[in-house]
Amino acid sequence: MEIKVMKNILNANQNKADEIKQHLKEKKVLMVNIIGSPGAGKTTLLEKTIESLKETYSIAVIEGDVATDRDARRLQKYDIPIVLINTDGACHLESISIQNALAEFDLDKTDIVFVENVGNLVCPAEFDIGEFAKIAVISVTEGDDKPEKYPLLFREAKAMILNKVDLIEYTDFNKTEFDESLRILNGGLSKFEMSCRKNEGLEGWLDWLKNTHAETAK
Amino acid sequence: MHEFSIIENILTIVEEISEKEGLTSVSKVTLLIGKMRQIVPDTMSFAFEAAAKGTIADSAVLEMEFVPIKIHCNECGNEFIVKNHTYVCEQCGSTDLSVLEGQELIIKNIEGER
């Protein structure tokens, strides 16, 4: 016999994500989900962003890591709340572990939560964790073909950071082709170019965060 | 890799429904998968075969139907199917679009014996 089901497979994850979204909205907290390849510069981006904003905003971080606490340790120097989620080999974070991590923070005293997802351009894009925005981080050394190869992330992201632009002259990265592939995938994407290591070009990104936070806090 | 996590969710739902409907075995599970989803069919089949061992869906076949990406243009109202991941209106060139179909990840039906 055939049974008609029509049930969303990721319902369990989605329901939790919706609960998180509602809860964060009530608490006026902005949560962003930072997604990029290993080595794209996600943790360095967080370091520079926290350094620039920590006087004005209360920041908390959820670090997703397959096995180690290396990224979390790098952020300890800022004396901000950090929760580490070790996924034990899993390639992405899911909303249930985010909900548990958020319970560790005093959200009444938090403005922005940064989630550093597991380094991977595929799987994290498939799972809603209740964030306000997905942020795609890519570096010029990875090549200009990444949006075309990983369309879902670049389609779903609200902002994209192109990192390590100081190295562009040493690579074959074609900026024109890269921009065009982003335009046809996601015309509404906010784009920022920077070198996190040199702390150059972060202004646009920081303004975007400030404006987005102001919208959330309304 | 995330195919394994998706399969786990599928098996949970299949077991719930089998229990509710009083099935003793499941022979086929049909999915609807939107083309925006980055699902590799071979990986899905492999993950399903591995994870279904010892469950009610032990010998079940996994069938996947893919749904094209259907877009509504918020500028001119045109509706079209996305090709080559080009999210630009074919009629007016706008990129202000809403996705109508193509994000599905759904269990369509289950076949089994009572």
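This report walks through selected features of a predicted model, from helix packing and aromatic rings to salt bridges and backbone angles.

**A helix with one buried face**

Let us start with helix H4 of chain A, which spans residues 95–102. Its buried residues are A:Ser95, A:Ile98, A:Ala101 and A:Leu102. Looking down the axis of H4(A), you would find these buried residues within an arc of 120°, so they line one face of the helix.

Next, have a look at A:Thr212, which belongs to helix H8 (residues 203–216) of chain A. With a relative accessible area of 9%, against a cut-off of under 20% for buried, A:Thr212 counts as buried. The side chain of A:Thr212 reaches back to the backbone oxygen of A:Trp208, at 2.5 Å. Setting aside neighbours within four places in sequence, A:Thr212 is in contact with A:Leu30 and A:Phe132.

Both A:Trp208 and A:Phe132 turn up again when you look at the aromatic rings. A:Trp208 forms one aromatic cluster with A:Phe192 and A:Trp205. As for A:Phe132, the charged end of A:Lys158 sits over its ring, 4.5 Å from the ring centre.

Over all chains, the whole structure contains four aromatic pairs. One of them joins A:Phe173 and A:Phe178 in a tilted arrangement, with 4.9 Å from centre to centre and 55° between the planes. Are these two residues, A:Phe173 and A:Phe178, buried or exposed? Both A:Phe173 and A:Phe178 are buried.

**Salt bridges**

Side chains of opposite charge can pair when their charged atoms come close. In this model there are 24 salt bridges over all chains.

| A:Arg197 | A:Asp166 | 3.8 Å |

A:Arg197 is exposed, having a relative accessible area of 63%.

The pair of A:Lys175 and A:Asp179 has another setting. These two residues are four residues apart in helix H7 of chain A, so about one helical turn separates them. A:Asp179 is partly exposed, at a relative accessible area of 25%, and A:Lys175 is also partly exposed, at 23% relative accessibility. The pair also takes part in a network of salt bridges that links A:Lys175, A:Asp179, A:Lys191 and A:Glu193.

**Two residues with a positive phi**

Most residues other than glycine have a negative phi. A:Asp79 has a positive phi of about 55° although it is not a glycine. You will find A:Asp79 in the loop between helix H3 (70–75) and E4 of chain A, where it is exposed at 71% relative accessibility.

In chain B, B:His85 likewise has a positive phi of about 55° without being a glycine. B:His85 is placed in the loop between strand E4 (79–81) and strand E5 (97–101) of chain B. With a relative accessible area of 31%, B:His85 is partly exposed.

**B:Ile107, touching both chains**

Finally, turn to B:Ile107 in strand E6 (residues 105–113) of chain B. B:Ile107 is buried, with a relative accessible area of 0%. Which residues does B:Ile107 touch, not counting residues up to four places away in sequence? From chain A the contacts are A:Val5, A:Met6, A:Lys7 and A:Ile9, and from chain B they are B:Ile10, B:Ile13, B:Val14, B:Val29, B:Thr30 and B:Leu31. B:Asn84 is 23 residues from B:Ile107 along the chain, and 26 Å separates their C-alpha atoms.

Technical notes:
Residues are numbered from 1 along each chain as its sequence is written. Chains are lettered from A and ligands numbered from 1 in the order in which they are written. This is a predicted model: local features need pLDDT of at least 70, side-chain atom pairs count only at pLDDT 80 or more; totals for chains, interfaces and linings use all residues. Side-chain values use heavy atoms; hydrogens and water are left out. Buried means under 20% relative accessible area, exposed over 50%, partly exposed in between (1.4 Å probe, protein chains only). A polar contact is a pair of N or O atoms within 3.5 Å; within protein, one must be able to donate a hydrogen and the other to accept it, and residues adjacent in sequence count only if both atoms are side-chain atoms. Contact means heavy atoms within 4.5 Å. Rings of Phe, Tyr and Trp (its six-membered ring) pair if their centres lie within 6.5 Å; planes under 30 degrees apart count as stacked, over 60 as edge-to-face and the rest as tilted. A charge sits over a ring if NZ of Lys or CZ of Arg is within 6 Å of the ring centre and within 35 degrees of the ring normal. The arc is that of the directions from the helix axis to the C-beta atoms. A salt bridge is a side-chain nitrogen of Lys or Arg within 4 Å of a carboxyl oxygen of Asp or Glu.
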